[in-house]
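This report describes a few parts of one structure, starting with its strands. Look at the sequence and the model before reading on.

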Amino acid sequence: MGKPTWARLQAIKVIQQVNSRQAFVRPLIDSLIRTASISSAERDFAILLALGVTATSGELDLIIKRSIDTKRLDTVSRSILQLATYELVYLQKEAYVAVDQAVALAHQLKPKVAGFINWAMHRIIEQIADFPWGDPSSEIDALVHQTAFPLWLANRLIAELGWTAAAAFMHISNEVAPLDGADLTTGQSVSIDAEKLAKHQSGIAAGELIIADQSSQFIAHLTAQQTVLHPNCQLLEIGSGRGTKTVLINRELQRLGVDEFVHYALEYHTFKTKVLVDRIKVYRLRNVQPITADILLIKELIEGGMLPPGLDVVMIDAPCSGSGTLRRNPEIRWRLSTEDITAMSAQGLSFLLAAAPYVNPGGCLVYSTCSIFTEENEKVIEAFLDDPAGTDFILTDWRHSGNLADWGCTEQIVADSYFFHSQLRSGGPDSHFAAILRRRA
Ligand SMILES: C[S@@+](CC[C@H](N)C(=O)[O-])C[C@H]1O[C@@H](n2cnc3c(N)ncnc32)[C@H](O)[C@@H]1O
């Protein structure tokens, strides 16, 4: 029996925390794997394992459950079996390597389960001989096993996109997402080589480069292009978070030579506003007023003088399911429910309804999400336009404000629609949605 490799040991540490305390995988990868001084091949393999096991964990549990009695399975054993099963099923590793490494991990982490792990791995190997137990090109059960998606989510995707596009979406959601950024001096989108991330650190530290998905860069651009239409624009960004879009919008306005504007950045969480405040300095943002508050209290914020009574552009970066970003956030698919999607749609609509009365005639609302679901996107806009608060607003063609191809978003889910909805493509940006709603002048 060999020793467990560094990659597997680090990946197991991450997986155990994701399993035991519902932790998010990306910050764990950053603290336990990315910063380690180890060969890039070993580091990349550890990241692949941590992301891959998290993304496929529900399916891995199912395979384990089909193979052994899991009633009293402890977290260490579950994590080791998940990792080894992932290697067998999704990385097509040789069985002897997966078993040897699983047993070696057990010896290191919990020696008394080593014999059990060896036995369980052999049951799993028997069980997966016919994986995915059907034809994934035509049978939904086999497709969900192959792509490791919960059945309800796959059914929902198929209902919305059709079989072919949904299957493509599911496969692409298992790929490694590209790393993109924006050069804030030129406004150009740049592809970042993860291997050479260190090379880019000086640009980030100097406030000249920001890491951001290209779809999200495009939505920030749409917002900036609306802002320039209004002299002395009063711009409110709702859900500014840690300020990625704030940076992109503000620096685009500066590049365009727009000086007279106020950029209110409103966020519910203090810890996120703190990150934005640091970024204001690093990225040399101008005229930004960070506000930590609940947007549903907008009336009180205006009465208290925190916000002006009339706004020209209101950009809502709505809290959403994140279903367009599954490559980057692999835990989402196993934690999300249909009730969450409905609750987030209602929240998005409540933000639109709260802000709408304060939009000046001729001004606009820009509504955006990183979700694939119509319930969180088109349906929210339709419900808003049907509401008395929305009757004054008209859905506006986003194409007047930008050329998709400059941001690598070459495909729309629905072409020729007034809704912007970038399609998930292999090697391309995440799937984001935006709509521009203009108030009649
Ligand atoms: C999609 S995220 C924003 C991402 C951010 N704009 C960026 O570019 O990094 C949505 C944000 O809305 C914030 N939020 C949720 N409920 C809110 C509320 N009631 N009022 C204000 N912000 C809220 C969340 O904390 C979260 O940061």
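Strand 1 (residues 180–183) pairs with strand 2 in the antiparallel sense, over three bridges. Strands are DSSP runs of E, at least two residues long, while helices are runs of H or I with at least four, and both are numbered from the N terminus. Two strands pair if DSSP finds at least two bridges between them. Asp180 has Ser191 of strand 2 as its bridge partner.

The open sheet has three strands in the order 2-1-3, with antiparallel pairing. Strand 2 (189–191) and strand 3 (209–211) are at the edges with a single partner strand each, so one side of each has no neighbour in the sheet.

## About the model

The model is predicted: local features need pLDDT of at least 70 and side-chain atom pairs count only at pLDDT 80 or more, whereas totals for chains, interfaces and linings use all residues. Residues are numbered from 1 along each chain as its sequence is written.

## The ligand shell

How many residues surround the ligand? There are 17, and the closest are Gly239, Gly241, Thr244, Tyr268 and Asp317. A residue is near a molecule if its C-beta atom, placed from the backbone, lies within 6 Å of it. Helix 12 (244–255) and strand 5 (261–267) each contribute at least two residues to this shell.

## Two helices in contact

The crossing of helix 8 and helix 9 is right-handed, meaning that the near helix is turned clockwise from the far one by less than a right angle. On the helix 8 side, the contact is made by Ala154, Leu157, Ile158 and Leu161. Two residues are in contact if their C-beta atoms, placed from the backbone, lie within 7 Å.
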